[in-house]
Amino acid sequence: EVLSDIRVIVHVGAASRYEVSQLIAGARDAGAQEIAILTPYYLPTHPDEVYGFFRDVIAEAEGLDVYVYMFEARTGIPVDQELLLRLSTLPGVVGVKVSGEALGLITSFRSELPEEFRIYTGSDGDFARAGAAGADGVISGVASAFSRPFVQMRDALLDGDDARVASIQPDIDEAVSAIDGSPARMRAVHRLAGHNVGGRRMPIQEPDEVTVARLRRAVARFH
């Protein structure tokens with residue numbers, strides 16, 4: 001309601017099929033137009049079962065644009081090129097978010113998928129390199145905590161200023177290293193910046209004093 005001109009892709013992935021259905025309904029009721037659905041996870045799953053899962057939940061999401069969300073390092077479920085090509089043909093599937101993978105996989109996907117099929121990567125450190133690899137953009141968790149270098153990098157890329165891109169990359173690298181993929185560190189950054197982040201919803205370890213000191217220094221530079 002406040003940021004009506006900003007795109008929001010609602011994550012509706014969950015451990016159970018029932019929860020996914022509830023989240024899809026909730027996203028629709030909230031006015032979402034785009035959703036991301038994580039692959040099944042925890043238990044080993046055959047590619048045909050992954051395809052069947054998406055086929056069924058996408059039928060429930062009729063009218064919404066759907067992104068396949070693949071993150072093998074967290075789910076244990078791989079999505080290879082053959083499976084992604086099959087998923088891309090399902091009605092309503094408009095793209096994929098790929099997390100935890102090298103840009104070479106993005107390039108191989110891009111070579112086989114239609115031009116209009118959107119490919120996003122979750123690789124924060126590759127913000128400047130993702131486009132050349134075939135990605136349509138980066139969905140960055142680190143940028144939610146340390147936005148400044150990412151905004152600067154975006155502007156440098158739009159200006160085609162290679163020298164600025166090179167000079168900003170070390171700041172991106174330091175921001176990514178400081179967060180180290182940790183939601184607890186992202187929360188700590190917002191606390192250090194004076195924001196109320198509320199309680200934890202997951203049993204994640206809080207950063208130690210040395211890490212907090214590093215984050216405090218980074219807040220002054222990057223937040």
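Let's start at Asp180, which sits in the loop between α8 and α9; helices here are DSSP runs of H or I with at least four residues, strands are runs of E with at least two, and both are numbered from the N terminus. Keep in mind that this is a predicted model, where local features need pLDDT of at least 70, side-chain atom pairs count only at pLDDT 80 or more, and totals for chains, interfaces and linings use all residues. Residues are numbered from 1 along each chain as its sequence is written, and side-chain values use heavy atoms, with hydrogens and water left out.

Back to Asp180: its phi is positive, about 55 degrees, although it is not a glycine. Most residues other than glycine have a negative phi. Asp180 counts as exposed because its relative accessibility is 54% (exposed is over 50%, buried under 20%, partly exposed in between, with a 1.4 Å probe and protein chains only). Tyr42, in the loop between β2 (34-38) and α2 (47-60), also has a positive phi, near 85 degrees. With 74% relative accessibility, Tyr42 counts as exposed.

Now for the open spaces. A pocket is an open set of points on a 1 Å grid over the protein atoms alone, where a 1.4 Å probe fits and protein lies on both sides within 12 Å along at least five of seven lines; lining residues have an atom within 4 Å of a point. The largest pocket holds about 1600 Å³ of space, counted as the space filled by probe spheres set on points joined across faces, edges and corners. Its lining has 33 residues, with Tyr69, Phe71, Gly181, Pro183 and Met202 the closest to the centre. Elements giving two or more residues to this lining are α3 (72-75), α8 (162-179) and α9 (183-192), and α9 gives the most, with 4 residues.

Arg187 is buried yet has no salt bridge, and Glu206, the nearest side chain of opposite charge, is 4.4 Å away. Here Lys and Arg count as positive and Asp and Glu as negative, leaving out His and the chain ends, and a salt bridge needs a side-chain nitrogen of Lys or Arg within 4 Å of a carboxyl oxygen of Asp or Glu.

Of its 16 lining residues, Arg7, Ile9, Tyr120, Val138 and Ile139 lie nearest the centre. The elements β1 (9-11), β3 (65-70), β4 (93-98) and β6 (137-138) each give two or more residues to this lining.
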